[in-house]
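Please look over the model shown here before reading on.

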Amino acid sequence: MRVEGLRAGRAVAFDVAPARRAREDRSPSVASTCHLPGDGTVVLASRFGLARVDLESGAATPLWRSRVPGDIDETTGFAGVVYAVVGTSPLGDSTVVAVDERSGVERWATALEGRVLAAPRIVGSALILDTR
């Protein structure tokens, strides 16, 4: 699979080899977006939080574990922070969590009324979320 993104305003691309899930793994689908910190890794949604994957070796290490019930729906990153949207159900409310991209420390979390409909986006210094 090809992962494409921007690093310092320039387009970059990496080839990532996805692995098969074990048959007994009933984990939900994960977010369709990821964050490229610019250090040769990618931060991806995992079953219970965020994981950092080294693009050279493919080694994955847990970065952050969600304390909020629900699936990680989307992620985006900016200025050293990864924003994860955690949803409780297809029709339920969402929580947005800000996680330090290096240490995995949770900076803040806020519950939203309604479901976040798309990946968060950054405009200037604002985090924009579309909710239902």
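The numbered points below go through a predicted model.

1. Start with the hairpin. Strand 6 (residues 71–78) pairs with strand 7 (residues 81–87) in the antiparallel sense, over seven bridges. Within this pairing, Thr 75 has Ala 84 of strand 7 as its bridge partner. Two residues lie between the strands, and Ala 79 in this hairpin takes a positive phi near 50 degrees.

2. Next come the charged pairs. Side chains of opposite charge can pair when their charged atoms come close. The whole structure holds five salt bridges.

3. One of them joins Asp 39 to Arg 52, with 3.4 Å between the closest N and O atoms. Asp 39 sits in the loop between strand 2 (10–15) and strand 3 (41–45) and Arg 52 in strand 4 (residues 49–54), so the pair ties together parts 13 residues apart in sequence. Asp 39 is partly exposed at 34% relative accessibility, whereas Arg 52 is buried at 12%. A network of salt bridges links Asp 39, Arg 52 and Arg 102.

4. Another salt bridge is formed by Arg 67 and Glu 106, whose closest N and O atoms are 2.7 Å apart. Because Arg 67 is in the loop between strand 5 (60–65) and strand 6, and Glu 106 is in strand 9 (residues 106–112), this pair ties together parts 39 residues apart in sequence. Arg 67 is exposed, at 67% relative accessibility; Glu 106 is partly exposed, at 23%.

5. Asp 130 and Arg 121 also meet in a salt bridge, at 2.9 Å from N to O. Asp 130 is partly exposed, with a relative accessible area of 31%, and Arg 121 is partly exposed, with 38%.

Definitions and conventions: Residues are numbered from 1 along each chain as its sequence is written. This is a predicted model: local features need pLDDT of at least 70, side-chain atom pairs count only at pLDDT 80 or more; totals for chains, interfaces and linings use all residues. Side-chain values use heavy atoms; hydrogens and water are left out. Two strands pair if DSSP finds at least two bridges between them. Helices (H or I, at least four residues) and strands (E, at least two) are DSSP runs, numbered from the N terminus. A salt bridge is a side-chain nitrogen of Lys or Arg within 4 Å of a carboxyl oxygen of Asp or Glu. Buried means under 20% relative accessible area, exposed over 50%, partly exposed in between (1.4 Å probe, protein chains only).
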